[in-house]
Amino acid sequence: MKIKIISFLAVLCAIHMLGQEAKAQRKGFWQQKVDYTMDVNVDEKAYQYEGKMTLKYSNNAGQSLSKVYFHLYFNAFQPGSMMDYRLKNISDPDKRMVSNMGTKEKPLYQSRIEKLQPNQIGYQKVKSLTMNGAPTQFKTDGTILEVILPRAIKDGETVSFAMEWTAQVPEQIRRSGRNSAEGVALSMAQWYPKMAQFDEFGWHLDEYVGREFIAPFGNFDVTIHLNQNYVVGASGVLQNPNEVKGYQPKAKIKTSDGKATWRYKAQNIHDFVWAADPKFVVDSAASKNGIKVYTVYLPTDKQVVSNWKTALGLSTEFFDFCSAKFGTYPWPTYTIIQGGDGGMEYGTATLITGGRNLKSLVGVIFHESAHSWYQQLFGINETVDEWFDEGFTSYVEELAMQHLFDKRGAIASNPMINAYRAYYKLALSGKEEPMSLLADYYNTNYAYSNEAYNKGAVLAEQLGYIIGQENLEKTFLRFYDIWKFKHPTPNDFKRVAEEVSGINLKWYFNLFINTTRQIDYAVGNVSDTEIQLVNKSNFAMPLDVLVEYRDGSKELFYIPLREMRGEKPAEQSGIYKGVKRTVLEDWFWTKPDYKFSVAKAPKNVTIDPSLRLADVESSDNSLTR
């Protein structure tokens with residue numbers, strides 16, 4: 001009965017999503033569509049498999065396409081690949097991907113890829129590829145397959161590709177691979193030839209050198225033939241739980257030549273992942289809103305099992321919490337699978353490392369599950385707008401951790417304060433680069449991580465400071481309504497925030513994303529009748545200034561920025577509750593100081609007591625007389 005309900009929900013979900021496909025904010029919006037049907041036969045002893053794929057590809061670009069491209073991600077795990085050279089030449093390589101041939105004090109890193117033997121490398125080799133039955137010409141160039149078509153795909157046309165390929169699963173070095181550090185046999189991420197994204201910016205043909213992904217939305221029907229002793233966790237909905245190991249207590253495992261067949265279906269996702277191990281156990285629970293959450297993990301000891309069971313309960317709460325704040329989770333299931341080398345999001349599933357303490361386990365689950373919104377639902381281009389993906393996800397994760405895990409109740413005035421502190425450290429380190437830089441091109445992993453995760457979260461929280469917290473919450477929900485399943489850009493999010501708030505935000509997004517300029521204000525001279533404020537930087541912002549008078553009363557002075565062409569509404573919560581608010585004349589970014597009069601003698605003047613203004617030097621933001 002449960003299986004029938006899940007299938008019915010899946011159908012309703014698909015109908016709903018298809019019905020929403022036509023809505024978009026930008027006139028002329030279009031996107032490509034893919035439908036994968038795949039069948040893979042796995043030789044788990046040799047770590048190899050044979051694959052067959054039928055791919056329906058719909059061209060909605062407004063132009064004909066004489067070529068298409070596929071990603072062959074496993075090819076990165078070969079000596080001499082671009083990923084290998086990146087590890088050899090970046091100053092702070094990902095320590096999971098290198099061996100330290102020196103000491104802790106004086107490390108000497110060597111790429112783990114460089115040492116792979118032929119039977120340890122990864123590869124995906126295309127044997128044949130046709131379009132509507134006609135042969136294509138194709139060639140492999142690193143992790144990209146270029147395909148010259150027998151004829152151009154016309155605008156509005158859907159064609160069918162048929163592909164056969166062979167693959168070898170590499171030693172687990174980054175995300176995917178065999179025999180992970182925690183002992184998971186197969187972590188199958190980026191495991192199939194994936195159609196590249198083509199959109200208004202052209203083809204996205206990024207070589208796989210370590211970062212993340214972009215792909216068109218579509219439906220997946222995946223069949224996996226694997227040794228009958230293995231348990232599989234995967235994206236989508238398992239179609240035959242009564243015929244495989246792990247999901248039903250009384251399952252009658254159907255086998256052929258010692259192999260069981262696993263079949264999964266998923267709709268309107270843009271990546272499919274699976275992992276397998278004979279020792280996996282499966283648990284599940286449903287959220288109050290009916291989302292079925294699965295955990296698939298290695299029960300290595302009692303504490304690990306206890307942590308995973310606690311995390312499962314919190315995960316169901318997480319999906320309901322996020323659905324209320326960021327838009328309804330639209331798929332019937334989500335599967336949390338132990339595997340990979342840390343945490344990575346995929347369509348309706350994640351791979352995470354599982355031998356963690358409880359808070360770490362819940363934190364990584366919340367982060368990867370939050371990607372169900374800021375990545376999977378919106379198809380954000382992680383190779384270009386990494387902060388929009390990771391930063392907003394970190395924002396969602398932190399809110400959820402404070403509400404559900406720490407159970408603090410009322411959130412502090414700045415719940416992202418730890419992200420702010422990490423951003424300040426980066427900004428003052430001399431290593432910061434513009435946040436609009438392509439994700440692969442940062443000079444250091446340190447800069448990438450702190451800008452994508454921390455500065456991106458700061459951008460979101462500070463946006464609430466600029467337009468008001470209530471308007472920020474409305475923006476998230478409005479953005480979901482307009483842009484789910486549509487590959488929006490950061491400008492699309494900015495436009496929604498502008499429409500919700502009535503405030504122009506061009507200056508903020510441009511300076512905070514495209515430059516490394518820093519915000520730095522100070523309280524200047526203060527007398528019994530006048531207060532001076534100073535902008536010490538080249539980044540102007542609106543200001544909240546709290547004045548405490550000598551008679552004990554308080555007044556909040558709000559100074560809009562001229563470029564905003566509007567003002568945020570009063571916030572009557574937390575430290576501002578019950579405080580009189582006075583809106584002053586706007587401040588020009590061309591004017592370095594600002595003075596305003598007060599009717600009573602001030603005792604204390606504080607710029608932004610909520611700490612949401614990302615001021616890199618806050619020691620002069622307050623003055624007590």
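I take a residue as buried when its relative accessible area is under 20%. The model I am reading is predicted.

**Entry on E157.** I looked up E157 and found a relative accessible area of 18%, so E157 counts as buried. I placed E157 in the loop that links β9 (144–153) to β10 (158–168). I then listed the contacts of E157, leaving aside neighbours within four places in sequence: Y57, S58, N59, N132, R151 and A152. Of these I checked Y57, which is 100 residues from E157 along the chain, and read a C-alpha separation of 8.3 Å. I also noted that a polar atom of the E157 side chain lies 2.8 Å from the backbone nitrogen of K154.

**Entry on K484.** I found K484 in the loop between α9 (469–483) and α10 (490–501). I did find the side chain of K484 reaching the backbone oxygen of D481 at 3.5 Å.

**Entry on the core.** I looked at the largest nonpolar core, which has 187 residues. Which members touch the most others? I noted F161, W191 and W274. Helix α8 (residues 445–467) gives the most to this core, with 11 residues. For W191 I listed contacts, again leaving aside neighbours within four places in sequence: M38, V40, Y49, F74, Q124, W165, V222, F272, V273 and W274.

Technical notes:
Residues are numbered from 1 along each chain as its sequence is written. This is a predicted model: local features need pLDDT of at least 70, side-chain atom pairs count only at pLDDT 80 or more; totals for chains, interfaces and linings use all residues. Side-chain values use heavy atoms; hydrogens and water are left out. A nonpolar core is a set of buried Ala, Val, Leu, Ile, Met, Phe, Trp, Tyr and Cys residues joined through side-chain atoms within 4.5 Å. Buried means under 20% relative accessible area, exposed over 50%, partly exposed in between (1.4 Å probe, protein chains only). Helices (H or I, at least four residues) and strands (E, at least two) are DSSP runs, numbered from the N terminus. Contact means heavy atoms within 4.5 Å. A polar contact is a pair of N or O atoms within 3.5 Å; within protein, one must be able to donate a hydrogen and the other to accept it, and residues adjacent in sequence count only if both atoms are side-chain atoms.
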